[in-house]
Amino acid sequence: MTERGKDEGGGSEFRRVSEELRVRMADGGYPLRSFLPSQNALAEEFGVSRDTVQRVLRELRSEGWIESRQGQGSRVVRSQRIQSSAPRATRSRHPMTLGPLIGEAFEQPEVTLDIYTLTSESLDAHIRVQAERIRAGAISPDRIALRMVLPSERLELPYPRSKGDGADPRPRARLRAITERHTESLYEVLGQLSTEGLVPNVELQVRHAPLTPTFKLYVINAAEVLHGPYIPIERRLMLDGGEEIEAVDVLGLGATLTHHVRDNHPDSPGSVFVDSMTTWFEAVWNRLTEESPGV
């Protein structure tokens, strides 16, 4: 089978390139306002056809990551920004980005992540990076425990929606497909680490809540919290088949997150915020578990 046929409709090579470029933009590998390498350079680096690269760039453009102009290439217009008052002694990059924070968490013997999010897209990309570090022998956690709360699949979300026709089901179907694809990927990646004996104890649990996420939440090793709102914006969405529509959507990965750390002072702002968000997540998780035991 040719690469073109293998990639048709968003195959493995298409997803690999798309996810890697998102991670690089989110973590400052391609800084805000910088230009991506040329299509030919990307095709050579990833070992894919230029057609695959063009389709990836169309998707990234439709999602608001990049803007392209004839003869000028593709420029990064979105990245993940994290504001933090915590000491940066252990932070290797400036500005702070999500990748190093997740990376530091995975350097501990026990990794716990409690996530409340609209989709699992950005988390999937970062977990894949850590899985490669584990395979390379750079890190060796004994346990990975990931709990994730996503919106109920039956919930009528207010976004994304078509500007021209609010009842158009296709934007929400696109969102569901993205969520399902990356959630399945998380199960696959973490499952492989367990099956291959690279991590002795791996747990992944997902619950679906009848709540519209207005913010994204990461509770990392019960000691750090990343928290940020979903910002509604107007942008073009690319639907299946290549059709583009004007839509109202939200920024998640591209929105600013605030970083809070529990310290030795239980009454400090950081400690209070981490405790409150940890308590909130635990309450939601326990309620969902009571309503859907064994799920």
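Select Asp 114 first: at 13% relative accessibility, Asp 114 counts as buried, where buried means under 20% relative accessible area, exposed over 50% and partly exposed in between, computed with a 1.4 Å probe on protein chains only. The model is predicted, so local features need pLDDT of at least 70 and side-chain atom pairs count only at pLDDT 80 or more, whereas totals for chains, interfaces and linings use all residues. Residues are numbered from 1 along each chain as its sequence is written, and side-chain values use heavy atoms, with hydrogens and water left out.

**Stop 1: salt bridges**

Asp 114 forms a salt bridge with Arg 147, and their closest N and O atoms are 2.9 Å apart. The pair links distant parts of the chain, with Asp 114 in strand E4 and Arg 147 in strand E5, 33 residues apart. Strands (E, at least two residues) and helices (H or I, at least four) are DSSP runs, numbered from the N terminus. Arg 147 is buried as well, with a relative accessible area of 17%.

A salt bridge here is a side-chain nitrogen of Lys or Arg within 4 Å of a carboxyl oxygen of Asp or Glu. By this rule the count comes to 19 salt bridges. Side chains of opposite charge can pair when their charged atoms come close.

Next, select Glu 59 and Arg 22, a salt bridge whose closest N and O atoms are 3.0 Å apart. Glu 59 lies in helix H4 (residues 50–62) and Arg 22 in helix H2, so the pair ties together parts that are 37 residues apart in sequence. Glu 59 counts as buried at 15% relative accessibility, and Arg 22 is buried with a relative accessible area of 5%.

Then select Asp 168 and Arg 170, which form a salt bridge with closest N and O atoms 2.9 Å apart. Asp 168 counts as buried at 8% relative accessibility, whereas Arg 170 is partly exposed, with a relative accessible area of 36%.

**Stop 2**

On a 1 Å grid over the protein atoms alone, a cavity is a set of points where a 1.4 Å probe fits but cannot get out, and a pocket is an open set with protein on both sides within 12 Å along at least five of seven lines; lining residues have an atom within 4 Å of a point. A search of the whole structure finds three cavities of 30 Å³ or more.

The second largest cavity has a volume of about 60 Å³, a volume being the space filled by probe spheres set on grid points that are joined across faces, edges and corners. Helix H2 (12–26) and helix H6 (121–135) each supply at least two residues of its lining. By class, that lining has four nonpolar, three polar and three charged residues. Ala, Val, Leu, Ile, Met, Phe, Trp, Tyr, Cys and Pro count as nonpolar, Asp, Glu, Lys and Arg as charged, and the others, Gly among them, as polar.

**Stop 3: a pocket**

Select Arg 16, Glu 19, Arg 128, Ser 185 and Val 189, which lie nearest the centre of the second largest pocket among its 21 lining residues. The volume of the second largest pocket is about 490 Å³. H2, H6 and helix H7 (170–195) each supply at least two lining residues. The lining of this pocket has twelve charged, six nonpolar and three polar residues.

**Stop 4: helix H8**

Select residues 269–291. Helix H8 has 23 residues and reaches 33 Å from its first C-alpha to its last, close to the 33 Å expected at 1.5 Å a residue; the expected span is 1.5 Å times one less than the number of residues. Colour its buried residues: Gly 270, Ser 271, Val 274, Met 277, Phe 281, Val 284, Trp 285 and Leu 288. What covers the buried residues of H8 includes strand E4 (110–116), strand E5 (143–151) and strand E7 (201–209).

**Stop 5: backbone details**

Select Tyr 159 and Pro 160, whose peptide bond is cis, with omega near -5 degrees. Pro 160 lies in the loop between E5 and strand E6 (161–162).

Finish with Arg 33, which has a positive phi of about 75 degrees although it is not a glycine. Arg 33 is found in the loop between H2 and helix H3 (39–46).

Conventions:
Contact = heavy atoms within 4.5 Å.
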